[in-house]
Amino acid sequence: MAAAFVGGALLGAVFGELLKAVSEEKDKAVTFKDRLEQLESTLRNSIPWIEEIEKLNQVLDRPKQETENLVRMMEQVEQLVRKCSKVKWNCFKRYVYAKKIIKLDTSISDFFRTSLPLQHARDGKLIMVEVKEIHTMVRRMSGNGNINGWMSNQVGDCCSAPDPPVISPGLDVPLKELKMELFKDGRQFIVVSAPGGYGKTTLVQRLCKDDQVQGKFKDDIFYVTVSKNPNVKAIVQKVLHHKGYPVPEFQTDEAAINDLERFFKQMRIEAILLVLDDVWPGSESLLQKLGFQLPDYKILVTSRSEFPQFGSVHYLKPLTYEAARTLFLHSANLQDGNSYIPDENIVSKILRACKGCPLALKVVGGSLCGKQEVFWQRMVKECSRGESVFQSKNDILDCLGSSLDVLNNEVKECYLDLCSFPEDQRIPITALIDMWMELYELVDDVFAITNLHELSSQNLVDRVVTRKTAGDYGCYNDDFVMQHDLLRELTICRSKSEPINQRKRLVVEISGNNFPKWWMDQKQHPNNASLLSISTDETFSSNWPDMQGPEVKVVVLNIRTKKYILPDFLQKMDELKVLIVTNYGFSPVELNNFRVLSALSKLKKIRLEHVSLPNSLATVRMNHLQKVSLVMCNVGQVFRNSTFRISDAFPNLLEMDIDYCNDLIELPDGLCDIVSMEKLRITNCHRLSALPEGIGKLVNLQTLTLAACTELSALPDTIGNLSRLNFLDISECLNIRKFPARFGELCCLKTLCVIGCPISEVPSTNLDNLQVVICDEDTAEQLAYFPPGRARIEVIQEDSNLNFLH
């Protein structure tokens, strides 16, 4: 019955009764059979519309009055149909009823042809209004300082569980068993234990996405990666932030734990699931402190250790032979028809060597993807080593290490560079490009991206795209890679295989102010490293001992303190070309001592993330700097400083990226005087309301990206002076409704991105060199009369999620 598919809703019920009446009475009322069959056809053609009305009204919470007219109309038709079967020989009634049937049939058709599209258009406008209100809320939060860290890809991640891999064979039974453990009463702690690379994280991610688990815990599943050195305050801040509550600055770990317990109790949540992923030995006290006495409060731990004192331990076993074979063949991509197909004996030997370890299967399989027989034979000899089993972590590392040997030297070196970033953190692809371009003297960033694709295709890294954008090919602001902690250990082991003073990359992790012994020994300073990475914790005081690094080209500083002083020894690193400073703390770090960079004549690129720029930057001169990247930085104080002119500080810039800088209201004074500028990207800066007229002076500008600057209301007319501009992106600029009058003067423009941009007026000038206009469906309708010459309009699906807020 028709009523069945629309549930018990009023409109669906009335429609179903009407269709039932027409079907029953058309054979009885022979006199009106033709009319009733036409009416029945109209009703059946309306079924999809009725379904859509019911679904949309429920989602949009629309008032019932909107469908009352249609309901009354259908009730009248049903009464009329029932009367038709009683009309026999009365010619007058036959004539009157026939006219009524025709009229009602026409009314129903008219409703679906006119009224319904108008309602849809109205609902679409309401959705746009609500989206704009969300953007307004975001801007208000940023203006009040409440959004700091919220949009961070590092600290500001909400506690939602990541999506598990699409292919994860062999976990159905462990998932069922773990779910049974979780639903048992009286057990607060459940520890999932297995060696590294056995799929513990994938298992708990699948658990968090399970329908039954989500039905029980709803929105109160908190997923936190703990890692080797847990930051208790950051864990609590993430949980509070995930629930939308103000995030305080905790003075001690105890204060943070106490605040979290009070929060859980005050919320009166029915059931809570706290997932602590990658917990290391020595974290027993953290687990103990988090074990609050609350009803139906579960803590799920993944670890290489067992923590038996906390009760139930779920041991994750190696994959069965069939599951291992499925994962391995998928990773080797043997289904594409172009690869060498090994015989089952070779596959069997490799599977036995990998011993059911999913990470080893993925990496080894990926390293053999598309390779000839000789590589498979070599892998059998290197990986099996007499069919030794994984008796220790070193055995696994040895097997994984054999997969690196199939890489060409440059790709292998790029992979080893990943150890310069902290464990379990997303690594920005843009940072890797900056590093690799200078370390390996690449002539174009396409070579860096090619190396990255090679690593991804061999399952050595996982690529994470937080938001799909229509950026140009050189813009990867929303792209990251992640590395399994066991693979990171592999890169560190490889990097440490040589004596300190002979290493190509030097990775230093400092706890408190405890510097390694070799650093304090003046005779053993490294003299060969080209990459220096220094990670410090929240207790570091920035009291730096001296260091000699005459060959260092790239410095990566990973910090967590509220205040940080750049080390003086940087000014003696004459070969330094790239400086990357990333703050993984919750609040922006106050970064000082920029003066040490002024003397570095080869310094080309600086990337700062989650940093507060100091006023002292006004006295800095970096004449050779070519690129500045500012991500989630507090820039307003220095940009509004009357003594700061960016053209004096960085007079020869070629590129500038400003992303998620929430206090950027206007561009810094002097920016338009840097005539050497070729690429300017300003994205997700929601308070930027206008561009200066002087932007027309950037005559060498080739790329201009202004995506998701929601307050930006117009492009200045002087944009017509940008005679070399070939790429323009104004996607998601919600207040830009028309192009400037001189838009048609952009004679070199090849690519125009206007996704989610409510353009209502288009220029009448042909842009002869325009090749592609990238837009969404709604914008495409507005561009129907756009005279693009030979350009094609490329419509892409909008990315309708809030992942970018992570």
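Two strands are taken to pair if DSSP finds at least two bridges between them, and helices (H or I, at least four residues) and strands (E, at least two) are DSSP runs, numbered from the N terminus. By that reading, strand β17 (residues 627–631) is joined to β18 by five bridges, and the two run parallel. The model described here is predicted: local features need pLDDT of at least 70, side-chain atom pairs count only at pLDDT 80 or more, and totals for chains, interfaces and linings use all residues. Residues are numbered from 1 along each chain as its sequence is written, and side-chain values use heavy atoms, with hydrogens and water left out.

On one side, S629 has D657 of β18 as its bridge partner. Five bridges also join β18 to strand β19 (residues 679–683), again in the parallel sense, and here M656 is partnered by L680 of β19. Four of the five residues of β18 (residues 655–659) are buried, so the strand is largely enclosed by the rest of the structure; buried means under 20% relative accessible area, exposed over 50%, and partly exposed in between (1.4 Å probe, protein chains only).

Six bridges link β2 to strand β3 (residues 272–279) in the parallel sense, and T225 stands opposite D277 in β3.

The loop between α9 (211–217) and β2 holds K218. This residue has a positive phi of about 55° although it is not a glycine, and at 53% relative accessibility K218 counts as exposed. A second residue of this kind is E732, with a positive phi of about 60° although it is not a glycine. E732 sits in the loop between β21 (727–729) and β22 (751–753), and its relative accessibility of 23% makes it partly exposed.

Another open sheet has three strands, in the order β6-β8-β7, and its pairing is antiparallel. The edge strands are β6 (427–428) and β7 (462–465), each pairing on one side only. Two bridges hold β6 to strand β8 (residues 479–482), and these strands run antiparallel. Across this pair, I427 stands opposite V481 in β8.

The interior can be described through its nonpolar cores, where a nonpolar core is a set of buried Ala, Val, Leu, Ile, Met, Phe, Trp, Tyr and Cys residues joined through side-chain atoms within 4.5 Å. The largest such core has 96 residues, and L597 and I730 are those with the most contacts inside it. Leaving aside neighbours within four places in sequence, L597 is in contact (heavy atoms within 4.5 Å) with L566, L570, L579, L603, I606 and M622. Apart from that core lies another, of 79 residues, including Y223, F328, L442 and L460.

Helix α13 (residues 321–332) and helix α14 (residues 344–354) pack at an angle of about 105°, with their axes 11 Å apart; axes are lines fitted to C-alpha atoms, for helices over the stretch in contact, and angles run from 0 to 180 degrees between N-to-C directions. The two helices are therefore roughly perpendicular to each other, a label for angles of 65 to 115 degrees, while those under 35 count as roughly parallel, over 145 as roughly antiparallel and the rest as oblique. Y321, A324, R325 and F328 of α13 meet E344, V347, S348, I350 and L351 of α14. By class, this contact has six nonpolar, one polar and two charged residues, where Ala, Val, Leu, Ile, Met, Phe, Trp, Tyr, Cys and Pro count as nonpolar, Asp, Glu, Lys and Arg as charged, and the others, Gly among them, as polar.

Finally, T491 lies in helix α21 (residues 485–495). With a relative accessible area of 0%, T491 is buried. Not counting residues up to four places away in sequence, T491 touches Y415, L416, C419 and Q483.
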